[in-house]
Amino acid sequence: ALSLMELRVQNEHLAGHLPTHMKGLDEALCGGIPFGVLTELVGPAGIGKTQFCLKLSLLASLPAIYGGLDGHVMYIDVESKFSSRRLIEIGVKSFPEIFQRKEMAQEMAGRIHVLRPASLSEFTESLQQIKVSLLQNQVKLLVIDSMAALVTGEFEHGAPRQNTLGWHVSFIKSLAEFSRIPVVVTNQVRSQSRDETCHYFFQVQSWNETIEDRTRHDSHLVAALGINWAHAVTIRLVLEAKSGQRFIKVAKSPISPPLAFPFNITSSGILLLSDDGIELTGPDINAIHCQGHNDIINFGGESLQ
Amino acid sequence: MEVGRLPISASQRSKLIAAGYTTLSSFSSLSPSHLARDLKISDNEAAEIMRVASHGHRLDGSAGGCGTVNGAQTAWDMLHEEEMFPRITTSCEDLDNILGGGINCKEVTEIGGVPGIGKTQLGIQLAINVQIPVDYGGLGGKAIYIDTEGSFMVERALQIAEACIEDMSECGGLLRKDFQACQLKMHPNNILENIFYFRVCSYTEQIALINYLDKFISEHKDVKIVIVDSVTFHFRQDFDDMALRTRLLSGMALKLMKLAKDFSLAVVLLNQVTTKYIDGSFQLTLALGDSWSHSCTNRVILYWNGNERYAYIDKSPSLRSASAPYSVTSKGIRNSASNCKRIKMM
């Protein structure tokens, strides 16, 4: 283990983390999005997952003197949400000194390769090709937006979804590890069905409790792709809306305490409102809330500049 | 029966008497390696002495009535052996209490739970706690960490190692003020050095590695714990032939149990959860199926109870079913904040 540590600190840029430029989050994650592991972003629609991915793609393409990875980015865009205009806007607003020159913008944007696989089999093929380009050492970040969309179109009869992505998950993880790049995957949410309990046989629940729980379940969202996927990711960042305020929570991470940071989406990407996260105890860190989310969206043009 | 009457060489006899063994019964319950260490002779010589001694015993007609079957041990001998090996503490007093002092050597313990409950944290904590020196009540051994999912983060291990050293020097300061001899010379880098980290990327690699561990541990005799995190990951992805899976898993389980027994080390397997349809509702159970649940000696399930993390002893031949709260802090696994007790290291 010591040799691992030394290897990372000496060889890797920034000791193996990609800084997100959100100070509180970077501190919580010991420097940023770690290399070599799978980081998942999960949240309801419209909360800012794609915005986060755009910002990260930009950061990875920046030269090292500005805190980037100076590399190429593979962006797998399943839902056709990638907007290059928005990408340039984020770049111009966050790093005005770099993007003033037109060639810089072109070069940065030229480093982000967007793939749009239309089906799972195309995705599989692209993964193989990505492996080859990884070996050539140019790609420094892999973003998959979103993983859940790959499976939802495939099976109508609710066939075993857990195993569909099984091979892909192992492959992506091994890709991340041997090439030591950060991999960011976004995930969707679905509502929790009534007969899903989250208890073991030795936890006895009284009947009253189950009635209350049912009403709780109706407003509760859970991450898609099942519990197998939840085990497979190393870091899970939950984005949610609670009483009209967006939060980004570090829900599962071996290196950080469970913290929640309020944030807003601005023209320069994502801005944390507070760098000291709120520490959440208990399983609440994993819960995905969607209260007051509509207000944020409807406010629309006024609060988002 | 007197040692003097044993048909062994004069030098061996004098060594036995010098070490304090005057009768057969005084050393017949020891393991050959223990005897070898005491007399400073080779393992083979010690085994030879033991064999001659037990032969002598049988002729005598004294205790040990039924002739010893090769490899069998009496229950009394096993009790002595168990008491010789201290348990590996989890750094959480409540958890240690329900485990009877900690994780037991020579046994396979399975620990399972939902994602984010702290399985990897517990694994890293144990890999560090096994290195606590004997003076402080630990085993002073090394650890093997087999990582199948890539969740071992070196930064976190360093953090926990530093916290462990802090705790030890605190305790050292309190209890051994005049003991200049046991100066704490441990550095977090030393601790990291003693964790042998293996990364496996497929189930074939996993099985191959476990087969190789036999050789590895005979070369590194001070390994005292093997942690597999997690044992399920590669067996849950795209495995079509369930019968093959069951065969592979039981083969692996047998190998691990043999490792634990032969080298007197603890084996800790971290498992994931899955939902199962029982009695009309879905319940959470540990993954890998029913046949796997027989393969381990002890089973601990980590779960959420309200806002606290709890551990529950699900299956154990010697411990009763109990739950204990614990928490995951920046220093590693500790007692939950609601019960404020000092952690006892000795």
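How many aromatic pairs are there over all chains? The count comes to 8, and bear in mind that this is a predicted model.

A pair of aromatic rings is described by the distance of the centres and the angle of the planes, and that is what the table gives.

| Ring pair | Distance of centres | Angle of planes | Type |
|---|---|---|---|
| Phe198(B) and Phe216(B) | 5.4 Å | 80° | edge-to-face |
| Tyr303(B) and Tyr310(B) | 6.0 Å | 35° | tilted |

Take the phenylalanines. Phe198(B) sits in strand E3 (residues 195–199) of chain B, while Phe216(B) belongs to helix H10 (residues 203–219) of chain B, so the pair links parts of the chain that are 18 residues apart.

In the tyrosine pair, Tyr303(B) is buried, with 5% relative accessibility.

One more ring is worth a look: Lys173(A) lies over the face of Phe233(B), 4.9 Å from the ring centre.

Now for some helix packing in chain A. Helix H3 (residues 49–61) and helix H4 (residues 84–94) of chain A pack at about 65°, and their axes are 10 Å apart. The crossing of H3(A) past H4(A) is right-handed. On the H3(A) side, the contact uses Gln51(A), Leu54(A), Lys55(A) and Leu58(A); H4(A) brings Arg86(A), Leu87(A), Ile90(A), Gly91(A) and Ser94(A).

Conventions. Residues are numbered from 1 along each chain as its sequence is written. Chains are lettered from A and ligands numbered from 1 in the order in which they are written. This is a predicted model: local features need pLDDT of at least 70, side-chain atom pairs count only at pLDDT 80 or more; totals for chains, interfaces and linings use all residues. Side-chain values use heavy atoms; hydrogens and water are left out. Axes are lines fitted to C-alpha atoms, for helices over the stretch in contact, and angles run from 0 to 180 degrees between N-to-C directions. Helices (H or I, at least four residues) and strands (E, at least two) are DSSP runs, numbered from the N terminus. A crossing is left-handed if the near helix is turned anticlockwise from the far one by less than a right angle, and right-handed if clockwise. Contact means heavy atoms within 4.5 Å. Rings of Phe, Tyr and Trp (its six-membered ring) pair if their centres lie within 6.5 Å; planes under 30 degrees apart count as stacked, over 60 as edge-to-face and the rest as tilted. Buried means under 20% relative accessible area, exposed over 50%, partly exposed in between (1.4 Å probe, protein chains only). A charge sits over a ring if NZ of Lys or CZ of Arg is within 6 Å of the ring centre and within 35 degrees of the ring normal.
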